[in-house]
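Hi everyone, thanks for coming.

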There are 2 protein chains.
Amino acid sequence: MVEAEAINVDLEIIVQGAQGRSKPELRLWLRMLSTTKLISQEIRRRLRAEFGATLPQFDLMAQLYREKDGLRLGELSKRTMVTNGNVTGLVERLEADGYVQRVTPDGDRRVTVAKLTEAGMTLFAAMATAHEGWLQDMMADVDPRMVSALWSEIGTVKTSANNHLSGAAFE
Amino acid sequence: MVEAEAINVDLEIIVQGAQGRSKPELRLWLRMLSTTKLISQEIRRRLRAEFGATLPQFDLMAQLYREKDGLRLGELSKRTMVTNGNVTGLVERLEADGYVQRVTPDGDRRVTVAKLTEAGMTLFAAMATAHEGWLQDMMADVDPRMVSALWSEIGTVKTSANNHLSGAAFE
């Protein structure tokens, strides 16, 4: 725990140091990045410890939980927040474990969609509840008014970033 | 640009939807995550377009720029914010391009450290200046007082998260 903190603080300092005195926007970005990484790492750790699951698995199941009729693999790949995972491999693994099934919807035999099984729905609901609780734990020392204010303010950052993208095609 | 926005907004909604009405901490987390991803993607795009560089390369050079005496590969791997990259492969590629050299410091022939060449120092300084400018661009619509307030408030979130880690060893 102490070690994790030390390393995360360090990352902010190291990158700032490269520029000498950093601009406020860069300082904010480095803090957002290191905080996001800290929380992500903790979520990964708890998913593994409590469910034997990975973040890409959780993420993929979240997409399927939302779409009861299932999703084609291409669509699933686009929607997954963790982009690194090989979606096909993830689906095959979850299928072998009985949480996902691949089906051919009526009317189009050329299409295959992945959907959660009953066991997959039950597992994901438990993981989602736990995930929400972990975030409440991690933000326990943050005043609820600050949580709301941050949500709104980070929305302003997001809108600003979206307004100033370089215009290249989204990958 | 419009497409990027649509996909990012979508990610927040999709994951929230899985839980019905989400707790404020979860909403905040999903917004932090999607905003961080949006900005990271833009940085990746601009690094590639303007410098032909990847984010892991930029990140690795940032560590070496800070440590003029160089770093051993193991240490470099620990400090790199982008953990996916194969540090050895990255160093070899940057060495082939003339931006990094591997040297054996006096006094210990068993140790090899990687350090930036003069060309590497010059390139990184240019990339760091550009990177800072991109962040200023992306946050152009955010009031400077909000930038400062966010830095401080996200610091509160980071401290809270650090205080509530599950205690597993840091990876």
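This is a predicted model: local features need pLDDT of at least 70, side-chain atom pairs count only at pLDDT 80 or more; totals for chains, interfaces and linings use all residues.

Three strands make up an open sheet, ordered β1-β3-β2 in chain A, and the pairing is antiparallel. The edges are taken by β1 (71–72) and β2 (100–103) of chain A, each with a single partner strand, so one side of each has no neighbour in the sheet. Between β2(A) and β3 of chain A, residues 113–116, there are four bridges, in the antiparallel sense. As an example of a bridge, Val103(A) has Val113(A) as its partner in β3(A). Helix α5 of chain A, residues 87–96, packs on this sheet and touches β2 and β3 of chain A. The direction of that helix makes about 110 degrees with that of β2(A).

Let me step back to chain A as a whole. How many helices and strands does chain A have? There are seven helices and three strands. Read from the N terminus, the order in chain A is α-α-α-β-α-α-β-β-α-α. Chain A has 171 residues, and 37% of them are buried. Take the contacts in chain A between residues at least 6 apart in sequence: 42% of these join residues at least 24 apart.

Chain A is also divided into domain 1, residues 1–52, and domain 2, residues 54–131. Where those two domains of chain A meet, six residues of domain 1 are in contact with six residues of domain 2. On the domain 1 side of chain A, the residues touching domain 2 are three nonpolar and three charged, with no polar ones.

Now over to chain B and its sheet. Here too we find an open sheet of three strands, with the order β1-β3-β2 in chain B and antiparallel pairing. At its edges are β1 (71–72) and β2 (100–103) of chain B, each pairing on one side only. Helix α3 of chain B, residues 55–66, packs on the sheet and touches β1, β2 and β3 of chain B. Its direction is at about 90 degrees to that of β3(B).

Let's go through the pairings in chain B. β2(B) and β3 of chain B, residues 113–116, are joined antiparallel over four bridges. Within that pairing, Gln101(B) is partnered by Lys115(B) in β3(B), and Val100(B) by Leu116(B) in β3(B). On the other pairing, β1(B) and β3(B) run antiparallel and are joined by two bridges. Leu71(B) is the residue opposite Ala114(B) in β3(B).

On to the core. The largest nonpolar core has 34 residues, and Trp29(A) and Trp29(B) touch the most other members. Two or more residues come from each of α2 (24–51), α6 (118–138) and α7 (144–163) of chain A, and likewise from α2 (24–51), α6 (118–138) and α7 (144–163) of chain B. Setting aside residues up to four places away in sequence, Trp29(A) touches Ile39(B) and Leu135(B).

What about Leu135(A)? This residue lies in helix α6 of chain A. Is Leu135(A) buried or exposed? Leu135(A) is buried, because 24 other C-beta atoms lie within 10 Å, and the cut-off for buried is 20 or more. Beyond its neighbours within four places in sequence, Leu135(A) is in contact with Glu25(B), Leu26(B) and Trp29(B). Within chain A, Leu135(A) and Ile39(A) are 96 residues apart in sequence, yet their C-alpha atoms are 8.3 Å apart.

For a contrast, take Lys37(A), in helix α2 of chain A. Lys37(A) has 17 C-beta neighbours inside 10 Å, so Lys37(A) counts as partly exposed. Lys37(A) and Gly98(A) are 61 residues apart along the chain, and 31 Å separates their C-alpha atoms.

Notes. Residues are numbered from 1 along each chain as its sequence is written. Chains are lettered from A and ligands numbered from 1 in the order in which they are written. A residue is buried if 20 or more other C-beta atoms lie within 10 Å of its own, exposed if 12 or fewer, and partly exposed in between; C-beta atoms are placed from the backbone. Two residues are in contact if their C-beta atoms, placed from the backbone, lie within 7 Å. Domain bounds come from an automatic or database domain assignment. Ala, Val, Leu, Ile, Met, Phe, Trp, Tyr, Cys and Pro count as nonpolar, Asp, Glu, Lys and Arg as charged, and the others, Gly among them, as polar. Two strands pair if DSSP finds at least two bridges between them. Axes are lines fitted to C-alpha atoms, for helices over the stretch in contact, and angles run from 0 to 180 degrees between N-to-C directions. A nonpolar core is a set of buried Ala, Val, Leu, Ile, Met, Phe, Trp, Tyr and Cys residues joined through C-beta atoms within 7 Å.
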